[in-house]
Amino acid sequence: MTSLDCQKKKHLLVAASVGLLILMPARPTHATTITVENWDTFDEGFNDPTPRGPEGGNPGTTLGQLRLNAFQEAADRWAAVVSSCVAIVAQGNFDPLYCAPSSAILGSAGPKIAHANFPNAPVANTWFAAATANSIAGLDLYADAGDIGAKFNSSIDLGCFLGAPNGWYYGFDGNPGAGQIDFIPTLLHELAHGLGFLTFVDLASGARLGGWNDTYMLNLEDHTTGVLYPAMTTGERVAASINTGNLHWVGPKVKAASSLLSTGKTGDHVHMYAPNPQEPGSSVSHFDTTLTPDELMEPFATPTTIQDLTEALLQDIGWSLAPLGPGPTANMCLAGKSKCASKKMAGLLKCHNKAEKSGLAVDPECLSKAIAKFDGGTKGVAGSCFGKLEIKYPGVPPAGCVTTGDLDTIETKVDAFVDDVVGELDPSYPTPILNVCSAGKKKCTLKKAAGKLKCHEKCQKDPAKCECVLEACLSKAEDKYDGGTVPVKGCFAKLEAKGGCITTGDSDALETKVDAFIDDLLSELNPAP
Ligand SMILES: [Zn+2]
Ligand SMILES: [Zn+2]
């Protein structure tokens with residue numbers, strides 16, 4: 001039998017706050033990156049220079065390359081499953097671990113750090129594995145460390161384990177030769193521990209890490225008593241951990257997926273590994289060996305890569321899964337048209353800003369310059385901002401423009417927005433006035449609109465990246481305008497503090513106008529995203 005061990009490393013953090021137990025909220029899903037870090041020294045493990053040919057789709061030509069390629073392959077497979085805007089760093093190395101003719105440890109892994117009470121945490125005073133916590137927070141909570149630490153047994157390749165005298169198989173195709181053991185399922189298994197598939201409860205004592213719950217134990221039940229881990233005494237947790245067949249997972253996603261099992265469940269409660277006596281590194285933090293079909297996260301290696309229940313469990317502990325199918329595609333014409341509209345809007349408002357600062361009437365030449373840049377002026381539609389794009393990007397999307405012939409429609413929308421802003425901030429327009437505050441507010445407004453449109457433009461050019469940066473980009477533009485958490489630093493507030501404003505307290509009203517304008521513009525330019 002081959003055992004898979006799990007190690008836990010901890011990082012106790014954080015100020016306490018009190019909250020209610022709530023369900024994990026749905027979050028937007030994102031493309032994920034898992035970067036692997038090679039922690040071996042120069043000539044061993046992932047760097048072993050021993051020549052060895054490519055196998056099963058793995059192109060490596062040395063033992064070390066084959067190993068590292070497989071590590072990245074497994075990381076990529078998980079990256080396609082879980083959703084996080086924060087890149088996950090998985091650190092790994094090969095070491096000689098326990099290896100005997102009858103049994104061996106294949107590897108061990110766990111989160112490098114646990115976090116609690118981070119931004120957006122769905123439950124208070126509850127530990128989450130670093131990668132899970134980062135994905136929920138939407139930011140790297142502790143960038144100085146990796147998220148996952150993993151070790152793999154280099155001794156397997158020496159043939160010490162008679163279950164696999166020919167060592168590891170490093171191919172990607174699940175097709176190991178005789179006497180070999182498949183490395184990819186081992187990697188997938190260990191990475192899942194690193195993603196949070198484990199409890200931080202001390203197995204021997206039943207004590208919680210730092211006296212707090214972890215997100216995994218929230219779903220553990222002793223079916224004999226019906227009590228969940230958080231409500232148990234330490235002694236009751238120890239008793240549950242050896243209550244073979246009665247230690248259950250009761251999270252909603254696993255319960256819903258339990259219909260896939262023919263054995264290893266009681267009703268829709270799925271059995272967790274609870275041998276008596278305890279097996280450190282295996283007990284509690286795995287599915288039971290009785291599951292049929294076999295699941296990836298059983299404590300003893302089976303050749304399976306089935307991970308339906310594993311994915312369900314990851315959702316129960318706080319993960320969102322990545323969207324299936326292709327994401328949105330880039331459209332350079334769309335990005336260009338947003339920019340055209342933004343430039344015209346900004347150009348017109350700049351003319352108004354200039355006039356009001358000097359107390360003169362709005363310069364018609366300034367206006368007609370901004371207009372001509374947009375609609376082509378005497379050059380006509382072909383020389384217009386949209387016309388040039390439609391010529392440059394012919395055909396249908398994704399290469400061609402999403403819309404065509406919409407120059408006038410958009411022009412009308414931009415003009416209406418500018419008129420609305422001007423009328424709101426300077427009710428006496430078109431009578432010229434000298435008012436620095438009103439002039440400044442026009443600039444605030446155009447900057448916010450242009451800033452937000454620029455965020456969308458980035459997304460239209462590179463949608464894969466955009467999923468993760470759009471929200472932050474938009475809120476940055478918003479904070480600049482309204483001051484974020486410090487309202488007195490808002491663009492309007494600073495002007496009003498100086499005095500002499502024609503209007504006051506209208507920051508929110510203008511903000512609403514900007515947002516409505518942008519929504520309208522984008523839905524016109526990209527009707528069915
Ligand atoms: Zn394991
Ligand atoms: Zn149960």
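Reader: In what sense do strand β7 and β11 pair, and over how many bridges?
Author: This is a predicted model. In it, strand β7 covers residues 126–129. W127 stands opposite D214 in β11. The two strands pair in the parallel sense, over 2 bridges.

Reader: What is the strand order of the open sheet of 3 strands, and which are its edge strands?
Author: The pairing in this open sheet is mixed. Its order is β6-β7-β11. An edge strand pairs on one side only, and that describes β6 (114–115) and β11 (213–214).

Reader: Which helix packs on that sheet, and what angle does its direction make with that of β7?
Author: The helix spans residues 130–137 and touches β6 and β7. It is helix α2, and its direction makes about 100° with that of β7.

Reader: Which residue in β14 is the bridge partner of E221?
Author: Strand β12 covers residues 220–222, and strand β14 covers residues 247–249. They pair in the antiparallel sense over 3 bridges. The partner of E221 is H248.

Reader: How far apart are the centres of domain 1 and domain 2?
Author: Domain 1 runs over 2–321 and domain 2 over 332–525. Their centres are taken over C-alpha atoms. The separation is 49 Å.

Reader: Are α7 and α10 roughly parallel or roughly antiparallel?
Author: Helix α7 holds residues 332–358, and helix α10 holds residues 407–425. They pack at an angle of about 30°, with their axes 10 Å apart. Angles under 35 degrees count as roughly parallel. So α7 and α10 are roughly parallel.

Reader: Is the crossing of α7 and α10 left-handed or right-handed?
Author: The contact includes A341, L348 and H352 of α7. From α10, the residues include I410, F417 and V422. The crossing is right-handed.

Reader: How many nonpolar, polar and charged residues make the contact of α7 with α10?
Author: From α7, K344, M345 and L349 are among the residues in the contact. V414, V418 and V421 are among those from α10. By class, the contact has 10 nonpolar, 1 polar and 1 charged residues.

Reader: Are α7 and α11 roughly parallel or roughly antiparallel?
Author: Their axes are 9 Å apart, and the angle is about 170°. Angles over 145 degrees count as roughly antiparallel. Therefore α7 and α11 are roughly antiparallel.

Reader: What is the make-up, by class, of the contact of α7 with α11?
Author: These helices pack with axes 9 Å apart. Sorted by class, their contact has 12 nonpolar, 8 polar and 8 charged residues.

Reader: Which residue does a cis peptide bond join to P430?
Author: Most peptide bonds are trans. This bond is cis, with omega about 15°. P430 is found in the loop between α10 and α11 (436–461). Its partner in the bond is Y429.

Reader: Is the peptide bond from T292 to P293 cis or trans?
Author: P293 has its place in the loop between β16 (269–271) and α6 (308–316). The bond from T292 to P293 has omega near -5°. The bond is cis.

Conventions:
Residues numbered from 1 in each chain as written. Chains lettered and ligands numbered in written order. Predicted model: local features only at pLDDT ≥ 70, side-chain atom pairs only at ≥ 80, totals over all residues. Pairing = 2+ DSSP bridges. Helix = DSSP H or I, 4+ residues; strand = E, 2+ residues; numbered from the N terminus. Contact = placed C-beta atoms within 7 Å. Axes fitted to C-alpha atoms, helices over the stretch in contact; angles between N-to-C directions. Domains from an automatic or database assignment. Parallel < 35°, antiparallel > 145°, perpendicular 65-115°, else oblique. Left-handed = near helix turned anticlockwise from the far one by under 90°. Nonpolar A, V, L, I, M, F, W, Y, C, P; charged D, E, K, R; others polar.
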